[in-house]
Amino acid sequence: MPQPQVHLVISQKGGVGKTTLAVNLAAVVSDTLGGDPAQPPVLVASIDPQGSAVWWAERVDDEQLPFDYDQLDDRPDDVAKLNKLEEYTHIFVDAPGSLARPAVLARALEVATDAIVPVIPEPLAYGPTERTVLDLIQPRNLPYRVVRNLWDRRDGRLDIDALTEWLDGQGLAYTNTVVRRFKLHTTAAAEGRVVTQYPSNRTATEARTDFLALALELGYGGRVA
Ligand SMILES: Nc1ncnc2c1ncn2[C@@H]1O[C@H](COP(=O)(O)OP(=O)(O)O)[C@@H](O)[C@H]1O
Ligand SMILES: [Mg+2]
C-alpha cells in the first residue's frame with residue numbers, strides 16, 4: 001500500500017511561520033490534488049502544545065476545509081504511526097518552537113520523509129535555524145529545505161540578501177521560492193481562512209502564488225507524468 005509523505009515543518013525559533021507554512025501548504029497541495037473535502041488527501045498534524053494549527057483549522061468552515069487535522073502533542077504513539085495512514089498522500093506536521101515535547105518530536109523526526117525549515121530575514125533567526133538543521137535534521141539524514149519567509153518587499157533587498165548570503169555561507173539548502181509578507185496571511189487564522197480561500201483580487205493572488213510555487217518547487221504537487 002502507498003505510504004503518505006510526511007513533511008515536518010520545524011524550527012527551534014518561534015514566529016518564523018511554521019504554522020502558516022504547514023496550514024497553507026496543506027491547503028494548496030490538497031487543492032492541486034483535487035482533494036474532496038469529504039475525504040481529503042492531506043492531514044495537518046500538530047505536535048505543538050499551543051495547537052495553533054488546530055485553532056486555525058477549527059475556525060474554517062468545515063465543508064470548505066481542504067484537509068483533515070489532528071492534535072498529537074501528547075500522543076507520541078500516534079505520531080509514530082503517521083506514515084501508516086494510507087488514506088492520506090501528504091501529512092504536514094506542525095512542530096513547536098521549543099523542544100518541550102522530546103518524545104513526540106523524536107517520533108516525528110523518525111517518520112518524516114522531509115523537513116521544511118522556515119526562516120525570516122532577521123539575524124536573530126539565523127542561529128536557531130542552523131541548530132535545527134545541524135542538531136535535529138542532519139543527524140537523521142533527513143532531506144530538508146530552508147524556506148525564506150516574511151520578506152517584506154517594502155524593506156528592499158538588503159535583509160533578504162543578507163539572509164541568502166548567510167545560508168550560502170553555511171551550506172544550508174533552501175528553496176528558490178521566497179514567501180513574502182502579506183497582511184492577508186497574518187489575519188487569515190483569526191478570520192478562519194486558508195490560502196486557497198483568499199479572494200481573487202491581485203494582492204490575494206500574489207499571496208497565494210507564493211504557496212503554489214513553493215509546493216511545486218518542493219515536488220508536492222503530484223507526480224509529473
Ligand atoms: N508570509 C507571511 N505574511 C504575513 N504574516 C505571516 C507570514 N508568515 C507568518 N506570518 C505571521 O507571523 C506570525 C508567526 O507565524 P506562525 O506561522 O505562527 O509562526 P510559528 O508557527 O513558527 O510560530 C503569525 O502572526 C503569522 O500570521
Ligand atoms: Mg506555530
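Tutor: In this predicted model, ligand 1 sits in the largest pocket. The shell around ligand 1 has 15 residues, and the closest are G15, K18, T20, R180 and T186.

Four elements each supply at least two residues of the shell: the helices α1 (18-32) and α7 (183-191), and the strands β6 (144-151) and β7 (179-180). Helix α1 gives the most, with 3 residues.

The polar contacts may be taken one by one. In the side chain of K18, an N or O atom is 2.8 Å from an oxygen atom of ligand 1. At T19 the backbone takes part instead, with a polar backbone atom 2.9 Å from an oxygen atom of ligand 1. The backbone is also used at R180, where an N or O atom lies 2.9 Å from a nitrogen atom of ligand 1. As for cover, ligand 1 on its own has 560 Å² of accessible area, and the protein covers 78% of this.

K18 counts as buried because its relative accessibility is 6%, and the cut-off for buried is under 20%. The C-alpha atom of K18 is separated by 10.0 Å from that of S52, a residue 34 residues apart from K18 along the chain. K18 is thus a buried residue whose side chain has an N or O atom 2.8 Å from an oxygen atom of ligand 1.

Conventions: Residues are numbered from 1 along each chain as its sequence is written. Chains are lettered from A and ligands numbered from 1 in the order in which they are written. This is a predicted model: local features need pLDDT of at least 70, side-chain atom pairs count only at pLDDT 80 or more; totals for chains, interfaces and linings use all residues. Side-chain values use heavy atoms; hydrogens and water are left out. A residue is near a molecule or strand if one of its heavy atoms lies within 4 Å of it. A polar contact is a pair of N or O atoms within 3.5 Å; within protein, one must be able to donate a hydrogen and the other to accept it, and residues adjacent in sequence count only if both atoms are side-chain atoms. Accessible areas come from the Shrake-Rupley method with a 1.4 Å probe; for residues, only the protein chains shown count as cover. On a 1 Å grid over the protein atoms alone, a cavity is a set of points where a 1.4 Å probe fits but cannot get out, and a pocket is an open set with protein on both sides within 12 Å along at least five of seven lines; lining residues have an atom within 4 Å of a point. A molecule sits in a cavity or pocket if more than half of its atoms lie within 2 Å of its grid points. Buried means under 20% relative accessible area, exposed over 50%, partly exposed in between (1.4 Å probe, protein chains only).
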